[in-house]
Amino acid sequence: MLPALGGCARRGADAPLRFWAMGREGEVLDELLAPLRREQPALQLRVEKLPWSAAHEKLLTAFAGDATPDIAQLGNTWIAELAALNALEPLQPWVDAAGLRAQDHFDAIWRTNQVDGVLYGLPWYIDTRLLFYRTDLFARAGVGRMPDDWAGFVRALDALQASGVAHPLLLPLPEFEPLLALALQQDEPLLRDGNRFGNFRGAGFRRALSFYLERFARGHAPYLTGNQIANLWQEFGRGTFAAFISGPWNIGELDRRLPAAQRSAWSTAPLPGPNGPGASSAGGASLVIFRRAARKAEAMRVLTFLSRPEVQLRFHALTGDLPSNRATWAMAPLAGDRRASAFAQQLERAKPPPAVPEWERIAQEMQLFATRAQRYRTPVDEVAAALDARVDGFLEKRRWMLAKAR
Amino acid sequence: MSTFGRPGGTDMTRRLAAWIFVAPALAVIGLFFVVPVAMGFALSFTDFDLYALADLANLRFAGLANYVQVLTLPLFWKSLGNTLYFVLVGVPLSISLSLGCAVLLQSPLARFKPFVRTALFAPVVTTLVAVAVIWRYLFHVRYGLLNEWLGAFGIAPIDWLGDPHWAMPSIILFSAWKGFGANMIIFIAALQAIPADLYEAARIDGASRWQQFRHVTVPMLGPTLFLVSVLTMAGYFQLFAEPYVMTQGGPLESTVSVLYLMYEEGFRWWNLGRASAVAFLLFVLMIVATRGLLHFARRTEEAPR
């Protein structure tokens, strides 16, 4: 944008590669990279840690200030945004040259790294949402195994209520992920016409929203704000609720936080779908190379190293994150981990949310409308129409951009 | 000024010298205030966003579209309502707290004055984010201290930060606690400047304590009261950090303030054009409110007591 100013920010060709990583992953990265440093002593690499809460702003500011790192860990939903900024290096040629193959990764996750068919990220760890449930409470209610369709799931919730769990399913109202997973289970896409307009008036989303709201109306889910659940794990251990929808990190959290007697009293299961096993959202984090990186070949060597199965296994041991490389899943201890394997099953059916830069905002707005509908008992059709109007507004610039490009 | 101007210097050179002396300050103000404000104003007539950040060719002149969109956005009016609620309840509450504490501390009966003064002033110098986190515990619906006290009187627990009706009062309570100490110090200084013989005269005339307060203290504090009101109001209009830390604008947008809306539009969703429009609307609103207060103060001053 401002080449004159960019000149002074640019570092010398022998400066170390900068690698931005967030949260827990950032903390373990140096340890994870130690073998690579031994293999290639010439490699100059500096890991810079960011908190997740500030990461998004930092990335955009870095782009505006021509100070992007060479490599970064990126939440999958941000890829479309940074690709729209033209900040990311297209990776397909690099991936081909390094001998990495798409089929070694989960398909839905791989697709979250593509924007309009162009690959911008290499999957690092994966995330999808499924059910965590108390096996003992389900068994007490006479539900032997988790049903795989909505009708069976509702019967199970009824049985749990009858057995004394007043509100068996926790659906936290500030989080959009559970509703998004239900919406992705439908056949219709959430955006239509090449992601130009919202499709929330479609039968699919209305069905998902009705199912979601009905859980509150029938008392299956408690009406709770974020403040009322002080400690998710503790309340889950107490049996305040018997199931919740969440991501892989909770395997480790529950292992750590539940008392020893309850270690085997819970498990994970793929989400039930409208008619048989259901889909869920494909997410996680990927590794990207920035377009302005000085030594891309070297950066690619770091990415290739981090996607090796044995390195991914070590990464799993250090963080509990679920690896994106399928080969890792055939190795112990992941191969025998039945709680983790539910995630692998779910991932085979996962779907990526629409890859548009506006997606994060659309998802937040969807949840806001759902929360309002829950509170004010607004009819679903009315909510869907109002949501579509909002979303079409968000996508106006995108439509203009696409029309201009044609 | 007279020591500075040489007797022989012309008016012209003296003025020039004055300009040279203020030039550094003016340059700093120009560079860091006037230029950004002008740029922000220009930005508010464009649709500067993520796409424009990528390539300036994607920038469109939007005319008044941003202003129209903001003014027709229900959330803007809601945030304006929330902000006015915060100002109209929060400012009087905060000022009466400050004044009340200042008067009590001035009383000859008060003990351990320096200690109490410091204790009441302490919240002002604490970090807002840190104390906001602590107050979130106090407000907690199940384990909070506040609900435990209410429970002792048999009052059912209130979901302070989670209920749309209670979230704003909770934030007002917190802000008043956090900020009243600063104004209290100003009031204490002003109270000490009131001559004691005025009270003596009032006492001789048989004025009660309340009458002394009403007819001596309040009129003598007039200018201070006005200053404090304007400053507090300007600060309260810029409500941001409290909802940002404690509620993130929720529940159900009941604590979204105008500034919070601007932050979300600008730095979360990167619609800098629309965010600038929100900023200038807030600016106009604050000018109007301050002018109104000034007008009110003048009228009461002119009116016969």
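In chain B of this predicted model, helix H5(B) passes helix H8(B) in a left-handed crossing, a crossing being left-handed if the near helix is turned anticlockwise from the far one by less than a right angle, and right-handed if clockwise. Helices (H or I, at least four residues) and strands (E, at least two) are DSSP runs, numbered from the N terminus. H5 (residues 113-125) and H8 (residues 164-192) of chain B pack at an angle of about 120°, with their axes 7 Å apart, where axes are lines fitted to C-alpha atoms, for helices over the stretch in contact, and angles run from 0 to 180 degrees between N-to-C directions. H5(B) is therefore oblique to H8(B); angles under 35 degrees count as roughly parallel, over 145 as roughly antiparallel, 65 to 115 as roughly perpendicular and the rest as oblique. The contact (C-beta atoms, placed from the backbone, within 7 Å) involves Leu120(B), Phe121(B), Pro123(B) and Val124(B) of H5(B), together with residues of H8(B) including Trp177(B), Lys178(B) and Ile185(B). Its residues divide into eight nonpolar, two polar and one charged, with Ala, Val, Leu, Ile, Met, Phe, Trp, Tyr, Cys and Pro counted as nonpolar, Asp, Glu, Lys and Arg as charged, and the others, Gly among them, as polar.

In chain A, helix H2 (residues 23-39) and helix H14 (residues 309-319) pack at an angle of about 130°, with their axes 10 Å apart, and are therefore oblique to each other, in a right-handed crossing. Among the residues that make this contact are Val28(A) and Leu32(A) of H2(A) and Phe315(A) and Leu318(A) of H14(A); the contact comprises five nonpolar, one polar and four charged residues.

Chain A also holds an open sheet of four strands in the order E8-E11-E7-E12, with mixed pairing, two strands being paired if DSSP finds at least two bridges between them. Strands E7 (residues 130-134) and E11 (residues 243-246) of chain A run antiparallel and are joined by four bridges, Leu131(A) having Ile245(A) as its bridge partner in E11(A).

Between the chains, the contact takes 19 residues from chain A and 20 residues from chain B. On the side of chain A that touches chain B, H17(A) gives the most, with four residues, and this side divides into eight nonpolar, five polar and six charged residues.

Residues are numbered from 1 along each chain as its sequence is written, while chains are lettered from A and ligands numbered from 1 in the order in which they are written. As the model is predicted, local features need pLDDT of at least 70 and side-chain atom pairs count only at pLDDT 80 or more, whereas totals for chains, interfaces and linings use all residues.

How values were computed. Two residues are in contact if their C-beta atoms, placed from the backbone, lie within 7 Å.
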